[in-house]
Amino acid sequence: MAERAVHLGTVQETLLIPLYGRAVENRKPEPALRDPRAEEIVASIDYDFSRFDNQPSLFGSVLRTSLFDHWIADFLTAHPTGTVVEIGTGLNTRFERVDNGRARWFDLDLPDVIDLRQTFFSDAPRRTMVTGSVTDEAWTAAVSQTDGPYFFAAGTCNWSCARAWSASWSSGSPRSMPRV
């Protein structure tokens with residue numbers, strides 16, 4: 001795969017930290033998580049990832065990713081046909097790591113991120129990329145047409161925020177999303 005230049009806004013560029021963290025972690029003999037797809041993506045992007053080497057946020061992002069993987073795997077065990085919404089999906093590869101073959105997935109992010117994401121991922125019958133901002137409720141139209149319960153994995157907020165959204169949507173009131 002030819003290297004692709006990255007053209008992202010300053011905030012959106014932070015998506016490269018967890019991507020690189022997963023790629024570095026995957027190379028370890030006993031990693032916290034396996035993610036060969038992250039390694040492939042890093043290798044195909046024209047970017048100086050070494051600027052993230054030895055940054056505490058690198059391993060922190062791996063731990064956070066591992067926790068969300070476990071929480072979503074638990075959710076999918078309890079709700080095999082549930083819906084997972086990746087808010088601020090970046091170049092997340094969680095679908096590849098924990099999908100159960102039955103759940104519905106939505107990958108939400110800003111236009112420049114979705115443009116980059118489409119280089120590496122494609123929509124599929126159970127997985128859809130959605131362009132939009134978490135602060136704009138327009139994206140909820142696509143998601144609310146699917147059956148719950150819902151699990152929100154949010155790169156844009158902490159676990160309590162994602163849990164509050166999941167509880168709100170699972171209770172059948174997706175339009176009254178909690179403010180965080």
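Trainee: How much of the protein counts as buried?
Mentor: Of its 180 residues, 47% do, buried being under 20% relative accessible area with a 1.4 Å probe, protein chains only. It's a predicted model, so local features need pLDDT of at least 70 and side-chain atom pairs 80 or more, while totals for chains, interfaces and linings use all residues. Numbering starts from 1 along each chain as its sequence is written, and side-chain values use heavy atoms, leaving out hydrogens and water.

Trainee: Which residues have the most contacts inside the largest nonpolar core?
Mentor: Leu16, Leu19, Ile45, Phe49, Phe52 and Leu91, in a core of 23 residues. Such a core is a set of buried Ala, Val, Leu, Ile, Met, Phe, Trp, Tyr and Cys residues joined through side-chain atoms within 4.5 Å.

Trainee: And which element gives the largest share?
Mentor: α1, with five residues.

Trainee: What does Leu19 touch?
Mentor: Ala38, Ile41, Val42, Ile45 and Leu91, leaving aside residues up to four places away in sequence; contact means heavy atoms within 4.5 Å.
Mentor: There's also a second, separate core of 10 residues, including Phe75 and Trp105.

Trainee: Switching topic, how many helices and strands are there?
Mentor: Seven helices and six strands. Those are DSSP runs, H or I of at least four residues for helices and E of at least two for strands, numbered from the N terminus.

Trainee: Where does pLDDT stay under 50?
Mentor: Over residues 173-180. pLDDT is the predictor's confidence in each residue, from 0 to 100, and the protein averages 82.

Definitions and conventions. Buried means under 20% relative accessible area, exposed over 50%, partly exposed in between (1.4 Å probe, protein chains only).
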